Amino acid sequence: MRALIAALVLGCTMLITPMAVAETPAGEPDAGAVGSEEKTSEDAAEERAAQFVGVRGPEAESVPGGALLLGAYAIVWLLLFMFLMRMRGLQRQTAEELERLSAEIRISGNR
């Protein structure tokens, strides 16, 4: 049961979290870069630096909070449901064991 829960949590974590993308830092050249590409990127960088770009307000969130909230609630409800099903199974086993023991006591009492 613990392995199932661990696998479920790991699977949800892998599905929900975005994958990291490796990027080359701006100061370091790319391993496959050719000399002409480096010159073009420097020209483009200089051109961008010379232009004025106005800011129009705060940036939007990069991670949607609503989807994460719904995902968290879904996981909590799923774990609660699994816990209740486990308790139901344990209660059923206990009731069967109690019935078996009661039957053995009745049989041994009649002897």
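Visitor: Which residue forms a salt bridge with E97?
Guide: In this predicted model, E97 pairs with R100, and their closest N and O atoms are 2.5 Å apart.

Visitor: Where do E97 and R100 lie, and how many residues apart are they?
Guide: Both belong to helix α3 and are three residues apart, about one turn of the helix.

Visitor: How are E97, R100 and E104 linked, then?
Guide: They are linked in a network of salt bridges. The count for the model comes to two salt bridges.

Visitor: Why is E97 classed as partly exposed?
Guide: E97 has a relative accessible area of 37%, and the partly exposed class covers values between the 20% limit for buried and the 50% limit for exposed. R100 is partly exposed as well, at 38%, and E104 is partly exposed at 41%.

Visitor: Changing topic: how many helices and strands are there?
Guide: The protein has three helices and zero strands. Read along the sequence, the pattern is α-α-α. Helix α2 spans residues 35-50, and helix α3 spans residues 65-110.

Visitor: What share of the residues counts as buried?
Guide: Of the 111 residues, 2% count as buried. The protein exposes about 10500 Å², and carbon and sulfur atoms supply 63% of that area.

Visitor: Which residues make the nonpolar surface patch?
Guide: The patch is made by L69, Y73, W77, L80, F81, F83, L84, M85, M87 and L90. Its area is about 1000 Å².

Visitor: Is E46 buried or exposed?
Guide: E46 is exposed, because its relative accessible area is 56% and the exposed class begins over 50%.

Visitor: What about L78: which helix holds it?
Guide: L78 is found in helix α3. With a relative accessible area of 34%, L78 is partly exposed.

Visitor: What separates the C-alpha atoms of L78 and L8?
Guide: The separation is 9.9 Å, although L78 and L8 are 70 residues apart along the chain.

Visitor: Now for confidence: what is the mean pLDDT of the protein?
Guide: The mean pLDDT is 79, and 76% of the residues reach 70 or more.

Visitor: Which elements have the lowest and highest mean pLDDT?
Guide: Helix α2 has the lowest mean among the elements, 69, whereas helix α3 has the highest, 95.

Visitor: Where should predicted coordinates not be read in detail?
Guide: Such caution applies where pLDDT is low.

Methods:
Residues numbered from 1 in each chain as written. Predicted model: local features only at pLDDT ≥ 70, side-chain atom pairs only at ≥ 80, totals over all residues. Heavy atoms only, no water. Helix = DSSP H or I, 4+ residues; strand = E, 2+ residues; numbered from the N terminus. Buried < 20%, exposed > 50% of the residue type's maximum accessible area, 1.4 Å probe, protein only. Areas by Shrake-Rupley, 256 points an atom, 1.4 Å probe, with all protein chains shown as cover. Patch = residues over 30% accessible without salt bridge, like charges linked within 9 Å, V, L, I, M, F, W, Y side chains within 5 Å. Salt bridge = Lys/Arg side-chain N within 4 Å of Asp/Glu carboxyl O. pLDDT = per-residue confidence, 0-100.
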